[in-house]
Amino acid sequence: MVSNRRRGFIIVRCPYCSNLSIAKISYRSRSCSFCGRRFTISQATIVKYADDARMASEIVRSLKKRLRV
Ligand SMILES: [Zn+2]
């Protein structure tokens, strides 16, 4: 099974504008880089887990590409 979850990153969806943001898994809240509003991680939808920042940004890039119609 996956270990070190606590040291990883999550990709969260902003509850206000649906923008995807990267947050450390230990964070309790995050400011959206798109709309600037602050939300707690528990309010946001966790889309994916990633082991490190690079992997997280790769995931965001591919998700955004997929969402673009
Ligand atoms: Zn937002």
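What percentage of the 69 residues in the chain is buried? Buried residues make up 14%. A residue is buried if 20 or more other C-beta atoms lie within 10 Å of its own, exposed if 12 or fewer, and partly exposed in between, with C-beta atoms placed from the backbone.

This is a predicted model: local features need pLDDT of at least 70, side-chain atom pairs count only at pLDDT 80 or more, and totals for chains, interfaces and linings use all residues. Numbering starts from 1 along each chain as its sequence is written.

**Stop 1: the whole chain.** Colour by secondary structure. The chain holds 1 helix and 5 strands. From the N terminus, the order is β-β-β-β-β-α. Helices (H or I, at least four residues) and strands (E, at least two) are DSSP runs, numbered from the N terminus.

**Stop 2: the sheet.** Select β2, β1 and β5. These 3 strands form an open sheet in the order β2-β1-β5, with antiparallel pairing. β2 (20-24) and β5 (45-50) stand at the edges; each has a single partner strand, so one side of each lacks a neighbour in the sheet. From one strand to the next, the twist averages 30°. For such angles, axes are lines fitted to C-alpha atoms (for helices over the stretch in contact), and angles run from 0 to 180 degrees between N-to-C directions.

Stop 3: Keep β1 and β2 on screen. They pair in the antiparallel sense over 5 bridges. Two strands pair if DSSP finds at least two bridges between them. Pick Arg-13: its bridge partner in β2 is Leu-20.

**Stop 4: the core.** Select Phe-9, Ile-10, Ile-11, Val-12, Cys-14, Leu-20, Cys-32, Ala-44 and Ala-56. These 9 residues make up the largest nonpolar core. Strand β1 (residues 9-13) gives the most to this core, with 4 residues. A nonpolar core is a set of buried Ala, Val, Leu, Ile, Met, Phe, Trp, Tyr and Cys residues joined through C-beta atoms within 7 Å.

Now centre on Ile-10. Leaving out residues up to four places away in sequence, Ile-10 touches Ala-23, Ile-25, Ile-46 and Tyr-49. Contact means that the C-beta atoms of two residues, placed from the backbone, lie within 7 Å.

**Stop 5: the helix.** Move to Val-60, in helix α1 (residues 53-67). Why does Val-60 count as partly exposed? Because Val-60 has 19 C-beta neighbours inside 10 Å. Beyond four places in sequence, Val-60 touches Ile-11, Leu-20 and Ile-22.
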